[in-house]
Amino acid sequence: MLERLQGLEHRLKDWLHTQREKPSPLRSQMRFGFGLRTKVILIASLLLALPWVGYNYVLEMEKILRQGQEQTLIGTTRALATALNERPNLFNDQASFLQSVEKGRDLYAYDLNAPITLDGKLDDWADLDDKLMEYGRDYVQFSRQPYRASSLHFRHVVGKHDGALYAAFDVSDKKPVMRRQGAARVDRNDHLVIAMTTPSGEFHRYVIAAYADGKVDAWQLNGDINNPEDLIPTQDIQGYWRTTDTGYNIELRLPLSLLGSKLGFAFYDVNSTRSRDVETIIGTSNTNHQHKLGTVLVPSPEIEQILKGMGHTTSRIWVVDRHQRILAQTGDIQQSNGVWSTSIDQSEDKSWWSRLTETYLHPLYYRYLLTEPTPFTDSLKDAAAVQSVPLFQALQGRGYSQWRQSEDGNAMILSAAYPIWLDNNVMGAVIAEESTLGIQTLTNRALEELLNALVAIITIGTLTLFLFASKISNRIRRLRDEAEHAIDSQGRIQQAITPMQETDEIGDLSRSLAAMVSRLGQYNHYLENLSSRLSHELRTPVAVVRSSIENLAMQQPDEDAQRYIDRAQEGVQRLSTILSSMTEATRIEQSLQGAEKEVFPLNELVSGCLQGHEMAYASHQFTVKVEEDLWIDGAPDYLAQLLDKLIANAVDFSAESDPIAVTLSRHHDEAQLVVSNLGPLLPANMENQLLNSMVSVRSQDKQSKPHLGLGLFIARLITEYHNGTIRLSNRQDQQGVDVTIRLPLQTGHLPLRTTLQATRS
């Protein structure tokens with residue numbers, strides 16, 4: 001029987017050593033760096049990749065549209081070139097078939113927007129001011145004296161409008177000499193000679209000389225200019241002569257029906273009013289011989305009719321000859337949006353969403369993502385000749401297209417060229433140009449619609465995810481709060497968890513936790529009653545064993561038997577001590593529920609108790625420091641018992657030569673009691689666990705009596721009953737352990753209502 005009891009004792013010790021209070025798992029101390037809502041918002045931020053994907057997708061579509069526009073424009077030039085192939089009557093016999101042209105000698109008639117008013121002011125030529133050709137030293141045909149630019153030079157340009165050819169001359173003449181009134185000859189003064197060929201190839205010459213500023217008439221020369229009889233007045237050529245500060249201006253008009261493929265102008269300068277000899281002759285070409293005349297290229301109206309008949313109004317189209325001079329032109333590059341502009345819905349949407357996007361979203365789009373199509377500068381407007389890579393390739397017999405940037409960089413322009421064939425020879429090319437304004441507008445409209453949709457999707461999606469995450473977060477927080485309040489810091493079940501009715505994973509988790517807490521409650525209830533049950537069940541066999549051993553000791557056993565009897569009695573005594581310790585905590589916890597509190601001076605209680613401890617533990621030294629007038633509201637008897645447990649614990653862990661320090665002081669509005677002893681330090685992570693029931697770090701084989709780790713647990717129960725705190729920590733000098741208790745003070749002077757008797761042996 002004794003061996004069974006000793007085995008039970010050892011198993012109980014092993015079980016007690018394995019019971020270490022774990023940190024409260026339900027009292028969450030987690031501090032989320034990112035909550036669930038924040039994480040969902042971060043995940044929702046991935047939706048911002050949708051605008052980037054959509055933006056790049058539209059840009060890729062824009063590239064495809066440009067490729068389509070390129071192929072369409074090449075097809076346009078091919079179709080027009082096919083319509084002009086093998087039609088020699090469309091090309092000027094002289095100008096178009098020349099192997100080369102000479103600038104200034106071979107003239108080009110620009111298209112005029114309106115008829116010229118013949119007044120000699122040159123205001124109507126403002127659009128072509130940069131096209132006026134300068135004629136000076138290089139174009140001198142005769143000079144009596146060494147040529148000086150200050151004596152004579154002029155600027156000249158020709159244009160056409162509505163079946164008429166117009167010419168403008170800005171002549172700088174140091175000494176203009178006008179025709180004398182009544183004079184029959186026209187060569188004894190400054191005069192202009194015009195030479196041309198007719199459409200039938202006949203060579204005609206005309207002369208213009210003025211008596212004074214105003215309208216001038218022309219004479220046709222049928223022989224020698226010195227013979228007045230060879231001068232025949234003509235009304236076909238009309239002009240105006242106006243004297244200026246630097247010389248004079250001349251404006252002319254003649255019908256295109258008189259003009260063939262050759263044209264030349266020559267100014268005869270007379271400086272002396274006495275001799276009236278011609279000093280200098282400067283002209284575009286030699287007007288005395290037909291074969292020395294320069295050519296004139298007048299844009300073909302027949303080709304223009306063909307271009308207009310093709311119906312291409314969304315492209316600017318040129319037909320150029322082999323010398324890169326423009327034969328015909330139609331279309332405006334500023335309006336050449338291509339066929340893409342017709343794909344844009346021009347209807348006005350008056351919905352609230354449209355007004356919202358127009359007011360708030362579109363300004364942001366065009367500030368950071370999109371570019372509004374703007375008018376651009378056309379460097380080839382009113383050009384007489386075209387020079388580009390596509391044209392060069394076309395004149396070599398190959399169709400070609402190229403993208404180029406406008407002069408101001410506001411638009412991209414697509415140029416496509418295709419050759420015109422005549423008898424296996426390239427006679428010219430068709431050039432078509434379109435800007436990307438149509439594609440850009442279409443792209444912007446597509447991006448606007450895409451971004452509007454994405455903004456709506458992202459906003460609704462993010463808000464939905466946020467609300468969904470908020471609902472999940474609130475449910476998880478509610479479940480966490482219930483779990484925290486279900487179990488206290490000592491592991492006791494306080495309240496049950498209400499299971500959720502939802503059928504998702506969180507609801508399933510709440511039901512699982514509710515069932516788990518319920519099972520833990522049952523198990524804790526069993527553990528809480530285990531000590532009383534064990535003590536009740538073990539007291540009877542212990543008493544039986546005790547009486548049996550006492551009866552056996554009365555039989556006068558021999559020395560060996562007496563030794564075994566003494567060991568058995570020692571074991572029974574240890575079992576009795578264990579049973580008493582197991583029931584002590586339960587008795588104190590039950591008695592605290594009915595204890596009455598009173599206001600008393602804690603300093604007197606501590607001083608009185610320490611006097612008894614000094615007598616009870618005479619072999620130990622005590623250092624006591626107690627501050628006066630520390631009043632608390634509590635149960636003196638239980639606080640004396642708390643001090644007994646702390647002193648006993650300090651005595652057990654310190655040597656007899658080491659002093660035990662007890663300090664009572666005021667700490668803010670609390671009384672602070674510190675019991676400090678020298679000795680072994682607290683094990684790591686065990687400071688709070690030692691305050692729990694049946695947790696001990698003593699080496700039992702070195703103790704004279706068993707210890708179940710209930711002393712500090714009882715001290716914690718008493719401290720919490722008085723609304724105080726207890727904390728174990730290593731001393732700052734790392735030489736021992738401090739036990740610190742803080743109890744709330746009662747402010748003001750209160751009378752002592754009971755007589756304290758705080759002696760304890």
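Reader: How do you know that the end-to-end span of helix α11 agrees with its 15 residues?

Author: The model is predicted, and the values that follow are computed from it. Helix α11 covers residues 602–616, and at 1.5 Å a residue its 15 residues should span 21 Å. The expected span takes 1.5 Å times one less than the number of residues. Among the buried residues of α11 are L602, L605, V606, C609 and H613.

Reader: What is the corresponding result for the 17 residues of helix α5?

Author: Helix α5, residues 352–368, should span 24 Å, and its end C-alpha atoms are 24 Å apart, which agrees.

Reader: Where does α5 bend, and which proline follows?

Author: The bend is at L361 and amounts to about 45°. P363 follows within four residues. L361 is itself buried, as are S354, T357, H362 and Y365 of α5. The buried residues of α5 pack against α7, residues 437–486.

Reader: Why is the pair of F154 and F169 called tilted?

Author: The ring centres of F154 and F169 are 6.2 Å apart, and rings pair if their centres lie within 6.5 Å. The planes of the two rings stand at 55°. Planes under 30 degrees apart count as stacked and those over 60 as edge-to-face, so the angle of 55° makes this pair tilted.

Reader: What makes this a pair that ties together separate parts of the sequence?

Author: F154 belongs to strand β4 (residues 152–161) and F169 to strand β5 (residues 164–173), so the pair joins parts that are 15 residues apart in sequence.

Reader: Are F154 and F169 buried or exposed?

Author: F154 has a relative accessible area of 0%, and F169 likewise stands at 0%. Buried means under 20%, so F154 is buried and F169 is buried.

Reader: What describes the aromatic pair of Y248 and F267?

Author: The pair is tilted, with 6.3 Å from centre to centre and 50° between the planes. Y248 lies in strand β10 (residues 247–255) and F267 in strand β11 (residues 263–270), 19 residues apart. Both Y248 and F267 are buried. The count of aromatic pairs comes to 9. One aromatic cluster is formed by Y135, Y139, F154, F169, W241, Y248, F265 and F267.

Reader: How do you know that D170 and R155 form a salt bridge?

Author: Their closest N and O atoms are 3.3 Å apart. The cut-off is 4 Å, so D170 and R155 qualify. D170 lies in strand β5 and R155 in strand β4, 15 residues apart.

Reader: Which residues do salt bridges with shared partners join into one network?

Author: D129, R155 and D170 are joined into one network. The structure holds 21 salt bridges.

Reader: Why is E62 called buried?

Author: The relative accessible area of E62 is 14%. Buried means under 20%, so E62 belongs to that class. E62 is found in helix α3, residues 49–84. Not counting residues up to four places away in sequence, E62 touches I439 and T443.

Reader: Why does S406 count as buried?

Author: S406 has 5% relative accessibility, which is under 20%, so S406 counts as buried. S406 is found in the loop between β16 (400–405) and β17 (412–422). Residues up to four places away in sequence aside, S406 touches F376, T377, A411 and I413.

Terms used
Residues are numbered from 1 along each chain as its sequence is written. This is a predicted model: local features need pLDDT of at least 70, side-chain atom pairs count only at pLDDT 80 or more; totals for chains, interfaces and linings use all residues. Side-chain values use heavy atoms; hydrogens and water are left out. Rings of Phe, Tyr and Trp (its six-membered ring) pair if their centres lie within 6.5 Å; planes under 30 degrees apart count as stacked, over 60 as edge-to-face and the rest as tilted. Helices (H or I, at least four residues) and strands (E, at least two) are DSSP runs, numbered from the N terminus. Buried means under 20% relative accessible area, exposed over 50%, partly exposed in between (1.4 Å probe, protein chains only). The bend at a residue is the angle between axes fitted to the seven residues ending there and the seven starting there. Contact means heavy atoms within 4.5 Å. A salt bridge is a side-chain nitrogen of Lys or Arg within 4 Å of a carboxyl oxygen of Asp or Glu.
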